[in-house]
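Here are my notes after a pass through the model. Have the structure open while you read them.

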Amino acid sequence: MNRAAFEHDFIPIDASHLLTVWQWRNSDRVRENMHYDKLITWDEHEHWFEALLQDVNRECWIYRQHLRPVGVLNFSDTQQATMQWGCYLGEVNCAPGSGLILEWAALEYALKKVGCEALEAQVLSFNTSALKLHKLFDYERIKIEAGGLRHRTDQTAVSEYKIHFFYYAMRKWQAHREKVLAKLPKPIQRGCQQVTFLSKETV
């Protein structure tokens, strides 16, 4: 496989990633956009990893650029017709458009997943970047629910937020994927086309 194939790839999480992912999960930038925004202890993180390894309904993939880990792509309900997904970039000095490539990768993975008919996602209302990405990719917003109260680092007061629920049928993605790709900048198009999911045997 040539070097270009590894510009944007995904590998299953393993113990070697544990410290890096723990640091990512506890960074202000990642925590503030999650449902659970408290600092995670090392014991909690280890328990999360052990539970993940035993759960056939969850998958966690490490996003790499030129073989360097930069983020995480999570799936749950992987044995169901409708899977849930979420992601984050742990590193700040990533290739431009990395969020777009994560969006593409999630939909492409679901499309190739046997038995998967749709993909769902939840986004907190203050995560405007993710909301814009879902709109660009033409997700269907199916409902909005009250989320709670949150104190954010860029605000002085506690504010109320909502949870946006999104849905994407794989039949629709199959029909629209080329149109969505055409809307992206050329370098991002190339990055999307290089996305590769590597099994444990090929890493």
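Where is the place of Asp 77? Some bookkeeping before I get to that: this is a predicted model, where local features need pLDDT of at least 70, side-chain atom pairs count only at pLDDT 80 or more, and totals for chains, interfaces and linings use all residues. Residues are numbered from 1 along each chain as its sequence is written, and side-chain values use heavy atoms, with hydrogens and water left out.

1. Asp 77 sits in the loop between S3 and strand S4 (82–89); helices (H or I, at least four residues) and strands (E, at least two) are DSSP runs, numbered from the N terminus. Its phi is positive, about 55 degrees, although Asp 77 is not a glycine. Most residues other than glycine have a negative phi. With 31% relative accessibility, Asp 77 counts as partly exposed (buried means under 20% relative accessible area, exposed over 50%, partly exposed in between; 1.4 Å probe, protein chains only).

2. Leu 67 is another one to look at: it is not a glycine, yet has a positive phi of about 75 degrees. You'll find Leu 67 in the loop between strand S2 (58–65) and strand S3 (68–76). Leu 67 is partly exposed, at 38% relative accessibility.

3. Is Glu 103 buried or exposed? This helix H4 residue is buried, with a relative accessible area of 2%. Leaving out residues up to four places away in sequence, Glu 103 touches Trp 85, Ala 130, Leu 133, His 134, Phe 137 and Tyr 139 (contact means heavy atoms within 4.5 Å). Glu 103 and Trp 85 are 18 residues apart in sequence and 9.9 Å apart in space, C-alpha to C-alpha.

4. Last, helix H7 (residues 186–193): Ile 188, Gln 189, Gly 191 and Cys 192 are buried there. They lie on the same side of H7, because they cover an arc of only 160 degrees around the axis, taken from the directions from the helix axis to the C-beta atoms. The buried residues of H7 pack against helix H4 (98–112) and helix H6 (170–183). Exposed Lys 186 and Gln 193 are on the face turned away from the buried side of H7.
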